[in-house]
Amino acid sequence: MKKSLLALLSLVLLLAGSCTKKDEVAITPLPLSCSFGNGTFEWNKDTRVSFEGNEDDWAIVKTAFTETNLPVSYEADNTKTNSIRLELVDAIEGISSPEGYSVHVGEDGVSIKALSDAGVFYGVQSLIQLAEQGKGRVQFVDIVDEPRFPYRGIMLDVSRHFRSKEFVKKQIDLLSHYKFNRLHLHLTDAAGWRIAIDKYPRLTQLAAWRKGKTWKEWWNGDRGYCEETDPEAQGGYYTKDDIREMVEYARLHCVTIIPEIEMPSHSEEVLTAYPELSCTHEPGKQSDFCVGNEKTFEFLENVLTEVMELFPSEYIHIGGDEASKAAWKSCPLCQKRMKEEGLKDVDELQSYLIHRMERFLNEHGRSLLGWDEILQGGLAPNATVMSWRGEQGGIDAVLSGHHAIMTPGEYCYFDSYQDAPYSQPEAIGGYLPLEKVYSYNPVPDSISADKQDFILGVQANLWAEYIPTDEHMEYMLYPRAIALSEVAWTAPEKKSWDSFHERILKIIPVLKEKGYNTFDYAKEIGNRKEYSQPVEHLALGKKVTFNIPYWPNYPANGEKTLTDGLRGGWNYNDKRWLGFANNHRMDVVIDLEKVTKIHSVSADFMQIWGPYVYMPSKVVISSSVDGKDYTQLTAIDHQVQKDDSVSFKKFSWEGETDARYIRYQAIADSLYKDGIQFVDEIIVK
C-alpha cells in the first residue's frame, strides 16, 4: 500500500509538469511545463548550433544567442549529440500561441522546436538561462512553453528626458531575454519632441530643446524652448536613420516598437513651434490642438504618415490622455465644428478627433491605440484601450467589444518608489514594491470567461519626469520589469512568489555583471511599519458621518476606512488612505455609541508634492456628548511647506474628557486649493 501511494504521488507530480524543488533549475519567466531527467548536457567549445532557415531566420537565431557568453558555433545541418538543433515546425502538442516552443535536452543533445522565429528566440533564452546557471551544464529536461498574453510591454518615456538609441538597444537586449515583445516609446510631450519629421523641421529645431538639465528645472522655470544651436540647449531627438536602426534591432530580438504621438493634448512643444494649430495661436499658451482647425488634421496626418513609414507596428499610439479641453469651449472654430457635426460637448469633440485619426490609420493598415481617456465621448470603432487610471477603462472597453491592454498605475507605474522613500532616489510619488508588481493579475474577476481574450496583455510605464539619467531609469526598471515578465508570460496557476523571490536574488547580481544598474532587492526595507500593525482603539469599527464627502477617486475602504484599524503604507495607492478633495477639507464625525472617557485623538496625514498631495494647514478636533453641542479640544495650525520628500505628520489632541461624538476637521491651505489630503485612521484612546 505504501509503495502504491508513493507511485501515485510520483505520477501526480509528473503530470503536473512542474519543476520540483529538488530538480528545479530556474527559468524566468516560469514556463508552462517542465520535467527533468537524469543526466546532463555540456555546452562547450565543441557544441554546434544547427538550423534550417532563410537568411532572415538565421539573423534572428544568431541574435538569440548574443545574450550568452558561452561559446557559439553554427552548422547548417548537425546530427551530433553535442549539438543544439533548432527547428521551425507546424505544430507542438499542447501549444496554441505562435510564440510557443519546446525544449528537449537529453542524451541525443538539445532540440528546440518552435512555431515561429519568436518561439525559437524564446526557447534559446530559456536554454541560455539553464546553461548559465549550470556553468555550461544543463540537466536533462523537457519544456513545453507559451505565453499567457500576446502583448507583453514596457513603455519608456523619452520625452521628459531624452535617451540615446544605444540606451534603448541595451534595454531591448535584456527585455527580450525575459520574453517581452513590445517596447512603447513615448516620443512626444510638452517636455520635448523626439522624432525627426521632414515636413515640420521646427519640431526638431526648436520643440526638441530646452534649457535646464532636468525636467524639474524646466518645469519649475519658464517651461520654454530654445533653438538647437543655443549653447545651453538640452534635449535631443532620433533621426530617421536612428529610428530605422532601433526598429530593426528590436525586430531581430522579436520586439515590436510602438511609437506614441500625443494628441490632442500634451502638445505644448508642437504648439510653440506651430502656434497656428492651437485655438489662440499664441506660442506656449496651449496644450491642446485646435480640433476645429482643419490644419490640425493636415499636420497630424502628415506626421503619422512619416511615422508609419518608419515603424511597421500594427499599433500607432495616439495618447489621448489628460486633455483640458478648456479652450475648445470658447474657440469659434471648435464651436463651429461641434455645431456642424452635432457634437453635444467637448468630450464628443475629442472623440471626433480620435475617430478621424482611427479612420486614417485604418486606411493605412494600422490600428489605433490610446490611453483610456479615448473612451470619453464614445470610443472609435476599432480602437484598443490602454487602461492606466485603474482597470475600469479596460473593463469598459472589453464589455463594449474592444481589446484592452492593462497598465494600471497601482501595479504598472514604475516611476513610483520601490522601497521606503527615504532610502530611494527622488520619485514623483507612489510606492510599488517588487512583490506587488508580481501579484498583479491583468484579467479582472469581473471579466467573464468568454471575454477574457479581449485582454491582450499588460504593460509597465516608466514616466521620466523625475528620472534624469540612464542609470536612474535602469534602477527604476529592474528588477520590477522582470517581475512583470512573469505576470505577462506565466499562467497564474504556475506562478510562485517564493520561487520568484529566490530566483530574483540570483538574477540581480547577474544583471549588475552585465552592466545594468538595478535596485538591490536583497537590501529592501519594505513598507511603512504602521502598515503591518493593525491598531486597536475606542473608535474601531464605529460609524463615521462625512459632513463633506470623501474623494471617490480614492475611496480606500469607503466609509469604514477611518475606523477599520488599518494604517496606511508609503503611498495612498495601497487603498488604506482616504482622499479628500472637496474644497480641500475633511470634516467627519465618529459616533462611539456611548459616552466614553477619552484621552487622545490622532490621525496621520501624508505629503507628496509631485502629485499635489498636501498636509492640512489647520486641524480642529472637537467632542460632544449629544451630537449637537461640541467643545473644541484643540486647533492646530500648520504651515504647509514645499519639499521633495514623502513625509507624514500626526495631528493630535491629548487630555481627558467625556465624549460620544468626535468631530475631526482638516482644512487645506488656500494656496494649494488644487491639492488632495489623505488620512488613514482616526485613532481614539
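The points below go from the confidence of the model to the whole chain, and then to single strands, helices and residues.

1. Confidence. The model is a predicted one, and the mean pLDDT of the protein chain is 94, with 96% of its residues at 70 or more. The exception to keep in mind is the stretch of residues 1-22, over which pLDDT stays under 50; for these residues the model has ten contacts beyond four places in sequence. Where pLDDT is low, the predicted coordinates should not be read in detail.

2. Overall form. The protein chain holds 17 helices and 28 strands. Its radius of gyration is 28 Å, close to the 26 Å that the globule rule gives for 685 residues, so the chain is as compact as a globular protein of that length. Taken along the principal axes, the C-alpha atoms fill a box of roughly 90 × 75 × 50 Å.

3. Burial and contact range. Of the 685 residues in the protein chain, 58% are buried. Among contacts with a separation of 6 or more, 74% are made by residues 24 or more positions apart.

4. Nonpolar cores. The largest nonpolar core has 126 residues, and those with the most contacts inside it are Ile154, Leu156, Phe299, Phe414 and Leu484. A second, separate core comprises 37 residues and includes Phe36, Phe41, Val103 and Val105.

5. Seven strands form an open sheet in the order 1-7-5-6-4-2-3, and their pairing is mixed. The edges are strand 1 (33-42) and strand 3 (74-75), each of which pairs on one side only. Within this sheet, strand 5 (residues 101-106) and strand 7 (residues 137-145) pair in the antiparallel sense over five bridges, and the bridge partner of histidine 104 is aspartate 142 in strand 7.

6. A run of parallel pairings. Strand 15 (residues 315-319) pairs with strand 16 in the parallel sense over three bridges, with tyrosine 315 standing opposite serine 367 in strand 16. Strand 16 in turn pairs with strand 17 (residues 384-387), again in the parallel sense over three bridges; here glycine 370 has valine 385 as its bridge partner, and tryptophan 371 stands opposite methionine 386. Strand 17 and strand 18 (residues 404-406) likewise pair in the parallel sense over three bridges, and serine 387 has methionine 406 of strand 18 as its bridge partner.

7. Cover over these strands. Strand 16 (residues 367-371) is mostly covered, with five of its five residues buried. In a regular strand the side chains alternate between the two faces of the sheet.

8. Helix 3. This helix (residues 117-133) has 17 residues and reaches 25 Å from its first C-alpha to its last, close to the 24 Å expected at 1.5 Å a residue. Is helix 3 largely enclosed or exposed? Of its 17 residues, 15 are buried, so helix 3 is largely enclosed by the rest of the structure. It is followed by lysine 135, whose phi is positive, near 50 degrees.

9. Threonine 296. This residue lies in helix 9 (residues 294-310) and, at 0% relative accessibility, counts as buried. Beyond its neighbours within four places in sequence, threonine 296 is in contact with Leu277, Phe289 and Cys290.

10. Phenylalanine 546. This residue is found in strand 22 (residues 544-546) and is buried, with a relative accessible area of 17%, where the limit for burial is under 20%. Phenylalanine 546 and valine 589 are 43 residues apart in sequence, yet 6.6 Å apart in space, C-alpha to C-alpha. Neighbours within four places in sequence aside, phenylalanine 546 is in contact with Glu559, Leu562, Leu578, Phe580, Asp587 and Val588.

Methods
Residues numbered from 1 in each chain as written. Predicted model: local features only at pLDDT ≥ 70, side-chain atom pairs only at ≥ 80, totals over all residues. Heavy atoms only, no water. Helix = DSSP H or I, 4+ residues; strand = E, 2+ residues; numbered from the N terminus. Expected span 1.5 Å × (residues − 1). Buried < 20%, exposed > 50% of the residue type's maximum accessible area, 1.4 Å probe, protein only. pLDDT = per-residue confidence, 0-100. Contact = heavy atoms within 4.5 Å. Core = buried A, V, L, I, M, F, W, Y, C linked by side-chain atoms within 4.5 Å. Pairing = 2+ DSSP bridges. Rg over C-alpha atoms; globule rule 2.2 N^0.38 Å.
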